[in-house]
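Please keep the sequence and the model in view while reading.

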Amino acid sequence: MKKVQHYINGKFMDSQCGEFFDNYNPATAELISKVALGREPEVNAAIAAAKAALTGEWGQMKLNDRIAMMYEIANEIDRRFDDFLEAECLDTGKPYSIARHIDIPRGAANFKVFADTMKSVADEAYRSDTPDGKKMLNYSMRKPKGVIGVISPWNLPLLLMTWKVGPAMACGNTVVVKPSQVTPTTTSLLGEVMSKVGVPAGAYNVVQGKGSITGNLITAHKDIDAITFTGETKTGEMIMDACSKGVRDVSLELGGKNPAIIFADCDMEKAISETARSVFANSGQVCLGTERVYVERPIFDEFVNRLKEAGSKLKVGVQNDESVDMGPVVSAVHRDKVLDFYNIAKKEGANVILGGGAPKMDGKLANGFFVEPTIWTGLPETATVVKEEVFGPCCHIAPFDTEDEVIKMANDTKYGLASTIFTENLDRAHRVASQIDTGIVWVNSWFLRDLRTPFGGMKGSGIGREGGHHSLEFYTELKNVCIKM
Ligand code: NAD
(Lines give C-alpha, C1' and ligand atoms only; values in the text may rest on other atoms or scores of the structure.)
Protein backbone atom coordinates (compact mmCIF):
# COMPACT_ATOMS: atom_id res chain seq x y z
CA MET A 1 0.00 0.00 0.00
CA LYS A 2 1.31 3.45 -0.94
CA LYS A 3 2.40 5.68 1.99
CA VAL A 4 2.14 9.48 2.15
CA GLN A 5 4.74 10.81 4.58
CA HIS A 6 5.72 14.02 6.32
CA TYR A 7 8.53 16.10 4.80
CA ILE A 8 10.51 17.63 7.64
CA ASN A 9 13.92 19.33 7.48
CA GLY A 10 14.50 18.02 3.96
CA LYS A 11 13.61 14.39 4.75
CA PHE A 12 10.56 12.19 4.22
CA MET A 13 9.48 10.36 7.36
CA ASP A 14 6.68 8.49 9.15
CA SER A 15 5.33 9.64 12.52
CA GLN A 16 7.33 8.68 15.59
CA CYS A 17 4.32 6.77 16.94
CA GLY A 18 3.87 5.00 13.58
CA GLU A 19 0.23 6.10 13.21
CA PHE A 20 -1.41 6.32 9.76
CA PHE A 21 -4.90 7.16 8.51
CA ASP A 22 -6.68 6.05 5.34
CA ASN A 23 -7.01 7.99 2.08
CA TYR A 24 -9.74 6.97 -0.41
CA ASN A 25 -10.38 7.38 -4.12
CA PRO A 26 -13.63 9.44 -4.20
CA ALA A 27 -14.77 7.81 -7.47
CA THR A 28 -14.70 4.24 -6.11
CA ALA A 29 -14.29 4.53 -2.31
CA GLU A 30 -11.20 2.28 -2.64
CA LEU A 31 -8.28 2.76 -0.28
CA ILE A 32 -5.44 4.45 -2.21
CA SER A 33 -2.87 5.27 0.47
CA LYS A 34 -1.99 5.34 4.15
CA VAL A 35 -1.16 8.83 5.40
CA ALA A 36 1.17 9.55 8.34
CA LEU A 37 -0.67 11.26 11.20
CA GLY A 38 1.38 14.13 12.62
CA ARG A 39 1.32 14.71 16.36
CA GLU A 40 3.44 16.80 18.73
CA PRO A 41 6.88 15.33 17.86
CA GLU A 42 6.39 15.92 14.11
CA VAL A 43 4.87 19.40 14.53
CA ASN A 44 7.66 20.41 16.93
CA ALA A 45 10.37 19.02 14.63
CA ALA A 46 8.94 20.78 11.55
CA ILE A 47 8.60 24.13 13.33
CA ALA A 48 12.11 23.85 14.84
CA ALA A 49 13.54 23.08 11.38
CA ALA A 50 11.65 26.03 9.87
CA LYS A 51 12.91 28.35 12.60
CA ALA A 52 16.51 27.23 12.20
CA ALA A 53 16.32 27.66 8.41
CA LEU A 54 15.51 31.37 8.86
CA THR A 55 19.10 32.01 9.94
CA GLY A 56 20.68 29.08 8.06
CA GLU A 57 21.45 28.57 4.38
CA TRP A 58 17.91 29.56 3.32
CA GLY A 59 17.84 32.77 5.38
CA GLN A 60 21.25 33.83 4.10
CA MET A 61 20.48 33.16 0.45
CA LYS A 62 20.80 36.22 -1.81
CA LEU A 63 17.51 37.56 -3.17
CA ASN A 64 18.50 36.82 -6.77
CA ASP A 65 19.32 33.22 -5.89
CA ARG A 66 16.01 32.84 -4.07
CA ILE A 67 14.14 34.22 -7.07
CA ALA A 68 16.00 31.82 -9.38
CA MET A 69 15.04 28.95 -7.05
CA MET A 70 11.34 29.92 -7.27
CA TYR A 71 11.52 29.61 -11.08
CA GLU A 72 13.30 26.25 -10.72
CA ILE A 73 10.52 24.96 -8.44
CA ALA A 74 7.95 26.00 -11.06
CA ASN A 75 9.97 24.34 -13.83
CA GLU A 76 10.29 21.12 -11.84
CA ILE A 77 6.50 21.05 -11.25
CA ASP A 78 6.14 21.35 -15.03
CA ARG A 79 8.63 18.51 -15.57
CA ARG A 80 6.66 16.32 -13.11
CA PHE A 81 3.32 17.48 -14.52
CA ASP A 82 1.93 13.97 -15.05
CA ASP A 83 2.82 12.83 -11.51
CA PHE A 84 1.07 15.86 -10.02
CA LEU A 85 -1.91 15.39 -12.33
CA GLU A 86 -2.41 11.75 -11.42
CA ALA A 87 -1.96 12.34 -7.67
CA GLU A 88 -4.30 15.34 -7.57
CA CYS A 89 -7.05 13.63 -9.56
CA LEU A 90 -6.84 10.43 -7.52
CA ASP A 91 -7.10 12.32 -4.20
CA THR A 92 -9.91 14.67 -5.27
CA GLY A 93 -11.80 12.67 -7.91
CA LYS A 94 -11.71 15.69 -10.24
CA PRO A 95 -11.46 14.95 -13.99
CA TYR A 96 -8.01 15.16 -15.60
CA SER A 97 -9.46 17.74 -18.01
CA ILE A 98 -9.93 20.22 -15.12
CA ALA A 99 -6.66 19.61 -13.26
CA ARG A 100 -4.66 19.70 -16.49
CA HIS A 101 -5.89 23.21 -17.27
CA ILE A 102 -6.32 24.70 -13.81
CA ASP A 103 -4.78 22.97 -10.78
CA ILE A 104 -1.35 21.88 -11.97
CA PRO A 105 -0.44 24.85 -14.23
CA ARG A 106 -1.50 27.22 -11.41
CA GLY A 107 0.67 25.24 -8.97
CA ALA A 108 3.70 26.18 -11.09
CA ALA A 109 2.47 29.71 -11.88
CA ASN A 110 2.13 30.50 -8.17
CA PHE A 111 5.93 30.28 -7.80
CA LYS A 112 6.67 32.24 -10.99
CA VAL A 113 4.32 35.15 -10.29
CA PHE A 114 5.79 35.82 -6.84
CA ALA A 115 9.34 35.48 -8.18
CA ASP A 116 8.35 38.20 -10.66
CA THR A 117 6.82 40.27 -7.85
CA MET A 118 10.02 40.13 -5.78
CA LYS A 119 12.01 41.49 -8.73
CA SER A 120 10.06 44.72 -8.65
CA VAL A 121 9.51 45.46 -4.95
CA ALA A 122 10.02 49.18 -4.32
CA ASP A 123 10.62 50.76 -0.92
CA GLU A 124 9.03 54.07 0.13
CA ALA A 125 11.24 57.05 1.03
CA TYR A 126 10.39 60.55 2.36
CA ARG A 127 12.74 63.49 2.77
CA SER A 128 11.39 66.17 5.13
CA ASP A 129 12.24 68.92 7.62
CA THR A 130 12.78 68.35 11.36
CA PRO A 131 11.30 70.77 13.98
CA ASP A 132 14.83 72.12 14.67
CA GLY A 133 15.45 73.10 11.06
CA LYS A 134 17.46 70.06 9.99
CA LYS A 135 16.48 67.37 7.46
CA MET A 136 15.35 63.81 7.94
CA LEU A 137 15.14 60.82 5.66
CA ASN A 138 12.62 58.04 6.26
CA TYR A 139 12.74 54.84 4.26
CA SER A 140 10.95 51.53 4.61
CA MET A 141 12.27 48.03 4.17
CA ARG A 142 10.61 44.63 4.17
CA LYS A 143 11.74 41.60 6.15
CA PRO A 144 10.32 38.07 6.03
CA LYS A 145 7.79 37.52 8.80
CA GLY A 146 9.36 34.24 9.99
CA VAL A 147 7.82 30.77 10.23
CA ILE A 148 4.47 30.69 8.40
CA GLY A 149 1.88 28.01 9.19
CA VAL A 150 0.01 27.09 6.00
CA ILE A 151 -3.32 25.29 6.44
CA SER A 152 -5.06 24.45 3.19
CA PRO A 153 -8.30 22.80 2.00
CA TRP A 154 -9.15 19.93 -0.34
CA ASN A 155 -10.98 21.51 -3.27
CA LEU A 156 -7.95 22.79 -5.21
CA PRO A 157 -5.19 21.27 -3.07
CA LEU A 158 -1.99 22.10 -4.99
CA LEU A 159 -3.31 25.40 -6.36
CA LEU A 160 -4.43 26.82 -3.01
CA MET A 161 -1.45 25.50 -1.03
CA THR A 162 1.10 26.98 -3.47
CA TRP A 163 -0.89 30.24 -3.56
CA LYS A 164 0.44 30.59 0.02
CA VAL A 165 3.76 28.74 -0.14
CA GLY A 166 4.84 30.63 -3.32
CA PRO A 167 4.66 34.15 -1.84
CA ALA A 168 5.76 33.02 1.64
CA MET A 169 8.99 31.50 0.30
CA ALA A 170 9.58 34.21 -2.32
CA CYS A 171 9.55 36.73 0.56
CA GLY A 172 12.17 34.65 2.43
CA ASN A 173 9.94 33.00 5.04
CA THR A 174 9.96 29.32 5.91
CA VAL A 175 6.77 27.26 5.93
CA VAL A 176 5.13 24.42 7.81
CA VAL A 177 2.26 23.13 5.68
CA LYS A 178 -0.68 20.98 6.71
CA PRO A 179 -2.81 20.01 3.72
CA SER A 180 -6.33 18.68 4.10
CA GLN A 181 -6.41 15.11 5.41
CA VAL A 182 -8.45 14.00 2.38
CA THR A 183 -5.99 15.40 -0.24
CA PRO A 184 -2.50 14.90 1.18
CA THR A 185 -0.48 13.69 -1.80
CA THR A 186 0.56 16.69 -3.92
CA THR A 187 1.81 18.59 -0.86
CA SER A 188 4.23 15.74 -0.14
CA LEU A 189 5.11 15.48 -3.83
CA LEU A 190 6.13 19.14 -3.67
CA GLY A 191 8.71 18.02 -1.05
CA GLU A 192 10.34 15.90 -3.78
CA VAL A 193 10.43 18.98 -6.01
CA MET A 194 12.05 21.05 -3.24
CA SER A 195 14.73 18.36 -2.70
CA LYS A 196 15.40 18.03 -6.42
CA VAL A 197 15.99 21.75 -6.98
CA GLY A 198 18.14 22.09 -3.85
CA VAL A 199 15.87 24.17 -1.57
CA PRO A 200 17.78 24.21 1.75
CA ALA A 201 16.43 21.84 4.42
CA GLY A 202 13.84 23.41 6.73
CA ALA A 203 12.53 26.04 4.29
CA TYR A 204 9.57 23.85 3.20
CA ASN A 205 8.10 21.38 5.69
CA VAL A 206 4.95 19.27 5.54
CA VAL A 207 3.19 17.70 8.48
CA GLN A 208 0.35 15.47 7.35
CA GLY A 209 -2.65 15.05 9.61
CA LYS A 210 -6.14 15.98 10.71
CA GLY A 211 -7.31 19.51 11.47
CA SER A 212 -8.44 18.79 15.00
CA ILE A 213 -5.07 17.20 15.91
CA THR A 214 -2.20 18.37 13.67
CA GLY A 215 -3.83 21.64 12.58
CA ASN A 216 -4.54 22.61 16.17
CA LEU A 217 -0.96 21.86 17.23
CA ILE A 218 0.43 24.06 14.43
CA THR A 219 -1.84 27.04 15.07
CA ALA A 220 -1.19 26.92 18.83
CA HIS A 221 2.61 26.66 18.55
CA LYS A 222 4.47 29.70 19.94
CA ASP A 223 7.15 29.60 17.21
CA ILE A 224 4.66 29.96 14.38
CA ASP A 225 4.83 33.68 13.51
CA ALA A 226 1.72 33.84 11.31
CA ILE A 227 -0.95 31.56 9.91
CA THR A 228 -2.38 31.62 6.42
CA PHE A 229 -5.57 29.59 6.15
CA THR A 230 -8.06 28.67 3.43
CA GLY A 231 -11.17 26.76 4.40
CA GLU A 232 -14.52 27.05 6.07
CA THR A 233 -15.53 30.23 7.86
CA LYS A 234 -16.15 28.32 11.13
CA THR A 235 -12.62 26.87 11.06
CA GLY A 236 -11.28 30.33 10.22
CA GLU A 237 -12.90 31.71 13.39
CA MET A 238 -11.15 29.03 15.48
CA ILE A 239 -7.81 29.75 13.83
CA MET A 240 -8.20 33.49 14.38
CA ASP A 241 -8.88 32.74 18.02
CA ALA A 242 -5.70 30.62 18.27
CA CYS A 243 -3.67 33.41 16.61
CA SER A 244 -4.80 35.92 19.25
CA LYS A 245 -2.48 34.10 21.69
CA GLY A 246 0.87 35.72 21.09
CA VAL A 247 -0.74 38.38 18.82
CA ARG A 248 0.16 36.57 15.61
CA ASP A 249 -0.96 37.67 12.18
CA VAL A 250 -3.58 35.70 10.28
CA SER A 251 -4.74 35.64 6.67
CA LEU A 252 -8.12 34.03 6.06
CA GLU A 253 -9.64 32.94 2.74
CA LEU A 254 -13.02 31.51 3.72
CA GLY A 255 -16.40 30.42 2.40
CA GLY A 256 -18.77 32.12 -0.01
CA LYS A 257 -22.37 32.18 -1.23
CA ASN A 258 -21.67 33.85 -4.49
CA PRO A 259 -24.40 35.53 -6.57
CA ALA A 260 -24.67 35.68 -10.37
CA ILE A 261 -26.78 38.55 -11.73
CA ILE A 262 -28.17 38.03 -15.21
CA PHE A 263 -29.73 41.09 -16.86
CA ALA A 264 -32.17 40.79 -19.77
CA ASP A 265 -29.69 42.62 -22.02
CA CYS A 266 -26.99 39.94 -21.52
CA ASP A 267 -25.39 37.84 -24.22
CA MET A 268 -27.40 34.69 -23.41
CA GLU A 269 -24.83 32.22 -24.82
CA LYS A 270 -22.09 33.74 -22.67
CA ALA A 271 -24.30 33.96 -19.58
CA ILE A 272 -25.29 30.30 -19.85
CA SER A 273 -21.84 28.88 -20.56
CA GLU A 274 -20.07 30.90 -17.84
CA THR A 275 -22.81 30.32 -15.26
CA ALA A 276 -22.85 26.57 -16.02
CA ARG A 277 -19.09 26.54 -15.40
CA SER A 278 -19.34 28.57 -12.21
CA VAL A 279 -22.10 26.33 -10.80
CA PHE A 280 -20.90 22.86 -11.84
CA ALA A 281 -17.10 23.03 -12.36
CA ASN A 282 -15.11 20.85 -9.94
CA SER A 283 -18.48 19.43 -8.80
CA GLY A 284 -19.33 22.84 -7.36
CA GLN A 285 -16.39 22.69 -4.97
CA VAL A 286 -14.91 26.08 -5.84
CA CYS A 287 -15.01 28.85 -3.26
CA LEU A 288 -15.69 31.33 -6.10
CA GLY A 289 -18.50 29.20 -7.56
CA THR A 290 -22.03 30.49 -8.02
CA GLU A 291 -24.80 29.12 -5.75
CA ARG A 292 -27.37 31.95 -6.12
CA VAL A 293 -28.50 33.04 -9.57
CA TYR A 294 -30.73 36.13 -10.05
CA VAL A 295 -32.29 36.51 -13.49
CA GLU A 296 -34.25 39.53 -14.78
CA ARG A 297 -37.87 38.44 -15.15
CA PRO A 298 -38.33 38.74 -18.97
CA ILE A 299 -35.62 36.11 -19.58
CA PHE A 300 -36.18 34.01 -16.43
CA ASP A 301 -37.90 31.00 -18.04
CA GLU A 302 -35.52 30.87 -20.98
CA PHE A 303 -32.48 31.08 -18.68
CA VAL A 304 -33.76 28.32 -16.37
CA ASN A 305 -34.46 26.02 -19.33
CA ARG A 306 -31.10 26.64 -20.92
CA LEU A 307 -29.11 26.19 -17.69
CA LYS A 308 -31.04 22.96 -17.11
CA GLU A 309 -30.07 21.82 -20.62
CA ALA A 310 -26.38 22.67 -19.96
CA GLY A 311 -26.44 20.84 -16.60
CA SER A 312 -28.15 17.75 -17.98
CA LYS A 313 -25.50 17.39 -20.72
CA LEU A 314 -22.69 17.02 -18.16
CA LYS A 315 -21.13 13.57 -18.16
CA VAL A 316 -20.51 12.43 -14.59
CA GLY A 317 -17.81 9.80 -14.07
CA VAL A 318 -14.31 8.72 -13.12
CA GLN A 319 -11.34 11.13 -13.17
CA ASN A 320 -9.20 9.43 -15.84
CA ASP A 321 -12.02 9.16 -18.41
CA GLU A 322 -11.18 12.06 -20.72
CA SER A 323 -14.83 12.45 -21.79
CA VAL A 324 -16.02 13.14 -18.22
CA ASP A 325 -17.11 16.68 -17.24
CA MET A 326 -17.82 16.17 -13.55
CA GLY A 327 -16.31 13.84 -10.96
CA PRO A 328 -17.59 12.86 -7.51
CA VAL A 329 -17.32 15.19 -4.52
CA VAL A 330 -14.27 14.72 -2.38
CA SER A 331 -15.40 12.40 0.43
CA ALA A 332 -18.28 10.38 1.83
CA VAL A 333 -18.66 13.00 4.59
CA HIS A 334 -18.96 15.81 2.05
CA ARG A 335 -21.33 13.78 -0.16
CA ASP A 336 -23.63 13.28 2.84
CA LYS A 337 -23.46 17.00 3.69
CA VAL A 338 -24.40 17.99 0.12
CA LEU A 339 -27.24 15.42 -0.02
CA ASP A 340 -28.56 16.73 3.33
CA PHE A 341 -28.79 20.18 1.74
CA TYR A 342 -30.55 18.65 -1.30
CA ASN A 343 -33.15 17.09 1.03
CA ILE A 344 -33.62 20.30 3.01
CA ALA A 345 -34.26 22.18 -0.26
CA LYS A 346 -37.07 19.73 -1.11
CA LYS A 347 -38.53 19.94 2.41
CA GLU A 348 -38.51 23.75 2.24
CA GLY A 349 -40.55 23.60 -0.98
CA ALA A 350 -38.04 23.95 -3.84
CA ASN A 351 -39.05 23.17 -7.42
CA VAL A 352 -36.35 20.71 -8.42
CA ILE A 353 -35.53 21.67 -12.01
CA LEU A 354 -32.57 19.29 -12.33
CA GLY A 355 -31.02 16.50 -10.24
CA GLY A 356 -31.60 16.77 -6.52
CA GLY A 357 -30.04 13.49 -5.41
CA ALA A 358 -27.26 10.96 -6.00
CA PRO A 359 -26.90 9.42 -9.49
CA LYS A 360 -26.94 5.65 -10.02
CA MET A 361 -23.44 4.68 -11.09
CA ASP A 362 -22.31 1.30 -12.45
CA GLY A 363 -19.64 -1.17 -11.41
CA LYS A 364 -16.88 0.15 -9.16
CA LEU A 365 -18.31 3.67 -9.37
CA ALA A 366 -21.46 2.53 -7.55
CA ASN A 367 -19.63 3.16 -4.26
CA GLY A 368 -18.23 6.55 -5.35
CA PHE A 369 -19.18 9.84 -3.73
CA PHE A 370 -21.28 11.18 -6.63
CA VAL A 371 -24.05 13.77 -6.44
CA GLU A 372 -26.21 15.09 -9.26
CA PRO A 373 -25.86 18.52 -10.83
CA THR A 374 -28.84 20.28 -9.28
CA ILE A 375 -30.95 23.36 -9.98
CA TRP A 376 -33.80 24.70 -7.82
CA THR A 377 -36.29 27.53 -8.22
CA GLY A 378 -39.19 28.79 -6.13
CA LEU A 379 -37.51 29.20 -2.74
CA PRO A 380 -37.73 32.36 -0.63
CA GLU A 381 -34.48 34.24 0.01
CA THR A 382 -34.57 32.95 3.60
CA ALA A 383 -34.37 29.27 2.56
CA THR A 384 -31.43 27.23 3.86
CA VAL A 385 -29.83 26.54 0.46
CA VAL A 386 -30.13 30.21 -0.47
CA LYS A 387 -28.39 31.27 2.76
CA GLU A 388 -25.83 28.54 3.57
CA GLU A 389 -22.79 27.51 1.50
CA VAL A 390 -23.48 24.01 0.08
CA PHE A 391 -20.15 23.59 -1.78
CA GLY A 392 -21.74 21.19 -4.27
CA PRO A 393 -22.82 21.35 -7.96
CA CYS A 394 -26.04 23.26 -7.35
CA CYS A 395 -27.74 26.63 -7.49
CA HIS A 396 -31.04 28.32 -6.77
CA ILE A 397 -32.42 30.62 -9.49
CA ALA A 398 -34.73 33.51 -8.58
CA PRO A 399 -36.30 36.24 -10.73
CA PHE A 400 -35.86 40.00 -10.14
CA ASP A 401 -37.43 43.16 -11.57
CA THR A 402 -35.12 46.08 -10.83
CA GLU A 403 -31.43 46.82 -10.45
CA ASP A 404 -31.87 48.13 -6.88
CA GLU A 405 -33.80 45.02 -5.87
CA VAL A 406 -31.15 42.60 -7.20
CA ILE A 407 -28.29 44.50 -5.59
CA LYS A 408 -30.07 44.16 -2.22
CA MET A 409 -30.68 40.44 -2.81
CA ALA A 410 -27.08 39.82 -3.85
CA ASN A 411 -25.72 41.63 -0.77
CA ASP A 412 -28.12 39.99 1.70
CA THR A 413 -25.61 37.37 2.91
CA LYS A 414 -23.01 36.92 5.61
CA TYR A 415 -20.42 36.19 2.88
CA GLY A 416 -18.66 38.50 0.40
CA LEU A 417 -16.25 36.56 -1.76
CA ALA A 418 -17.13 36.72 -5.47
CA SER A 419 -19.95 37.66 -7.84
CA THR A 420 -20.68 37.69 -11.56
CA ILE A 421 -22.72 40.17 -13.61
CA PHE A 422 -23.96 39.51 -17.13
CA THR A 423 -25.01 42.56 -19.14
CA GLU A 424 -24.03 44.19 -22.44
CA ASN A 425 -24.63 47.65 -20.93
CA LEU A 426 -21.26 49.05 -19.86
CA ASP A 427 -22.70 51.76 -17.58
CA ARG A 428 -24.81 49.19 -15.78
CA ALA A 429 -21.83 46.83 -15.40
CA HIS A 430 -19.76 49.55 -13.66
CA ARG A 431 -22.72 50.79 -11.59
CA VAL A 432 -23.71 47.36 -10.27
CA ALA A 433 -20.11 46.15 -9.79
CA SER A 434 -19.40 49.14 -7.54
CA GLN A 435 -22.38 48.30 -5.29
CA ILE A 436 -21.88 44.56 -4.80
CA ASP A 437 -20.13 43.70 -1.53
CA THR A 438 -17.71 41.05 -2.77
CA GLY A 439 -13.91 41.09 -3.00
CA ILE A 440 -14.07 40.02 -6.66
CA VAL A 441 -16.65 40.95 -9.32
CA TRP A 442 -16.52 39.33 -12.75
CA VAL A 443 -18.42 40.93 -15.64
CA ASN A 444 -19.46 38.59 -18.48
CA SER A 445 -16.94 36.00 -17.26
CA TRP A 446 -15.96 33.81 -14.33
CA PHE A 447 -12.64 32.68 -12.78
CA LEU A 448 -10.61 34.85 -15.14
CA ARG A 449 -7.48 35.57 -13.11
CA ASP A 450 -4.49 37.88 -13.32
CA LEU A 451 -2.40 36.77 -10.34
CA ARG A 452 -1.17 40.31 -9.63
CA THR A 453 -4.66 41.51 -8.67
CA PRO A 454 -5.96 41.61 -5.06
CA PHE A 455 -7.75 38.37 -4.18
CA GLY A 456 -9.81 37.89 -1.02
CA GLY A 457 -13.22 38.22 0.54
CA MET A 458 -15.32 40.76 2.43
CA LYS A 459 -17.50 40.04 5.51
CA GLY A 460 -17.45 36.34 6.54
CA SER A 461 -15.41 35.39 3.48
CA GLY A 462 -12.08 36.38 4.93
CA ILE A 463 -9.47 38.85 6.03
CA GLY A 464 -6.71 40.27 3.87
CA ARG A 465 -5.92 40.33 0.17
CA GLU A 466 -3.34 38.21 -1.58
CA GLY A 467 -1.88 38.34 -5.08
CA GLY A 468 1.13 40.18 -6.57
CA HIS A 469 2.34 43.02 -4.32
CA HIS A 470 -0.71 42.62 -2.05
CA SER A 471 0.77 39.39 -0.68
CA LEU A 472 3.73 41.34 0.69
CA GLU A 473 1.43 42.95 3.27
CA PHE A 474 0.99 39.58 4.94
CA TYR A 475 4.24 37.74 4.22
CA THR A 476 6.62 40.54 5.23
CA GLU A 477 7.14 42.92 8.14
CA LEU A 478 7.47 46.51 7.05
CA LYS A 479 10.10 48.45 8.96
CA ASN A 480 10.70 52.21 8.83
CA VAL A 481 14.20 53.65 9.28
CA CYS A 482 14.35 57.37 10.22
CA ILE A 483 17.69 59.18 9.89
CA LYS A 484 18.26 62.72 11.15
CA MET A 485 20.69 64.37 8.73
P1 NAD B 1 -12.04 23.10 6.46
O2 NAD B 1 -12.14 24.38 7.18
O3 NAD B 1 -12.81 21.94 6.95
O4 NAD B 1 -10.54 22.59 6.40
C5 NAD B 1 -9.50 23.38 5.86
C6 NAD B 1 -8.18 22.97 6.49
O7 NAD B 1 -8.23 23.30 7.89
C8 NAD B 1 -7.89 21.47 6.43
O9 NAD B 1 -6.50 21.29 6.22
C10 NAD B 1 -8.29 20.99 7.81
O11 NAD B 1 -7.64 19.82 8.21
C12 NAD B 1 -7.85 22.18 8.67
N13 NAD B 1 -8.51 22.30 9.98
C14 NAD B 1 -9.75 21.91 10.32
N15 NAD B 1 -9.99 22.20 11.64
C16 NAD B 1 -8.87 22.79 12.11
C17 NAD B 1 -8.49 23.32 13.38
N18 NAD B 1 -9.31 23.29 14.42
N19 NAD B 1 -7.26 23.87 13.52
C20 NAD B 1 -6.42 23.93 12.46
N21 NAD B 1 -6.71 23.42 11.24
C22 NAD B 1 -7.92 22.87 11.05
O23 NAD B 1 -12.38 23.44 4.94
P24 NAD B 1 -12.49 22.41 3.73
O25 NAD B 1 -13.76 21.65 3.92
O26 NAD B 1 -11.20 21.69 3.56
O27 NAD B 1 -12.63 23.41 2.48
C28 NAD B 1 -13.86 23.88 2.00
C29 NAD B 1 -14.10 25.31 2.47
O30 NAD B 1 -13.01 26.12 2.04
C31 NAD B 1 -15.32 25.95 1.86
O32 NAD B 1 -16.00 26.67 2.86
C33 NAD B 1 -14.76 26.90 0.81
O34 NAD B 1 -15.60 28.00 0.49
C35 NAD B 1 -13.51 27.33 1.46
N36 NAD B 1 -12.55 27.83 0.47
C37 NAD B 1 -12.29 29.17 0.41
C38 NAD B 1 -11.39 29.67 -0.54
C39 NAD B 1 -11.08 31.16 -0.65
O40 NAD B 1 -10.15 31.50 -1.35
N41 NAD B 1 -11.82 32.03 0.02
C42 NAD B 1 -10.77 28.79 -1.42
C43 NAD B 1 -11.09 27.43 -1.33
C44 NAD B 1 -11.96 26.96 -0.37
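Glu19 is partly exposed, with a relative accessibility of 30%; this class lies between buried, under 20% relative accessible area, and exposed, over 50%, as judged with a 1.4 Å probe and protein chains only. The model is predicted, so local features need pLDDT of at least 70 and side-chain atom pairs count only at pLDDT 80 or more, while totals for chains, interfaces and linings use all residues. Residues are numbered from 1 along each chain as its sequence is written, and side-chain values use heavy atoms, with hydrogens and water left out.

The side chain of Glu19 meets that of Arg39 in a salt bridge, at 2.7 Å from N to O; the term denotes a side-chain nitrogen of Lys or Arg within 4 Å of a carboxyl oxygen of Asp or Glu. This pair links distant parts of the chain, 20 residues apart: Glu19 belongs to the loop between strand S3 (11–13) and S4, and Arg39 to the loop between S5 and helix H1 (40–55). Helices (H or I, at least four residues) and strands (E, at least two) are DSSP runs, numbered from the N terminus. Arg39 is likewise partly exposed, at 31% relative accessibility.

A second salt bridge joins Lys364 and Glu30, whose closest N and O atoms are 3.3 Å apart. Because Lys364 lies in the loop between S15 and S16 and Glu30 in the loop between S4 and S5, the pair ties together parts that are 334 residues apart in sequence. Lys364 counts as exposed at 56% relative accessibility, whereas Glu30 is partly exposed at 34%. The loop between S4 and S5 also holds Ala29. The phi angle of Ala29 is near 65°, a positive value in a residue other than glycine, and Ala29 is partly exposed, with a relative accessible area of 28%.

What sheet do the strands on either side of this loop belong to? Three strands form an open sheet of mixed pairing, in the order S1-S5-S4; two strands pair if DSSP finds at least two bridges between them. Strands S1 (3–4) and S4 (20–24) are the edge strands, each pairing on one side only. S4 and strand S5 (residues 31–36) run antiparallel and are joined by five bridges, with Asp22 opposite Lys34 in S5.

Strand S15 (residues 351–354) pairs with S16 in the antiparallel sense over three bridges, and Leu354 has Ile375 in S16 as its bridge partner. On its pairing with strand S17 (residues 394–400), S16 runs parallel and is joined by four bridges; there Thr377 stands opposite Ile397 in S17. Within strand S16 (residues 374–377), Thr374 and Trp376 point one way and Ile375 and Thr377 the other way, and all are buried.

Asp78 and Lys112 form one, with their closest N and O atoms 3.7 Å apart. Asp78 lies in helix H3 (residues 63–79) and Lys112 in helix H6 (residues 103–119), so this pair ties together parts that are 34 residues apart in sequence. In the whole structure, 35 salt bridges are found.

On a 1 Å grid over the protein atoms alone, a cavity is a set of points where a 1.4 Å probe fits but cannot get out, and its lining residues have an atom within 4 Å of a point. Points are joined across faces, edges and corners, and a volume is the space filled by probe spheres set on them. The largest cavity holds about 80 Å³ of space; among its lining residues are Arg106, Trp163, Cys287, Phe447 and Arg449. Helix H7 (residues 157–170) gives the most to this lining, with three residues.

On the surface, Tyr139, Met141, Ile483 and Met485 form a nonpolar patch with about 330 Å² of accessible area together. Patch residues have over 30% relative accessible area and no salt bridge; like charges are joined within 9 Å and nonpolar side chains (Val, Leu, Ile, Met, Phe, Trp, Tyr) within 5 Å. Accessible areas come from the Shrake-Rupley method with a 1.4 Å probe, and for residues only the protein chains shown count as cover. Tyr139 sits in strand S7 (residues 135–144) and is partly exposed, with a relative accessible area of 31%.

Terms used: 1 Å grid on protein atoms, 1.4 Å probe; cavity = no way out; pocket = protein on both sides within 12 Å on 5 of 7 lines; lining within 4 Å.
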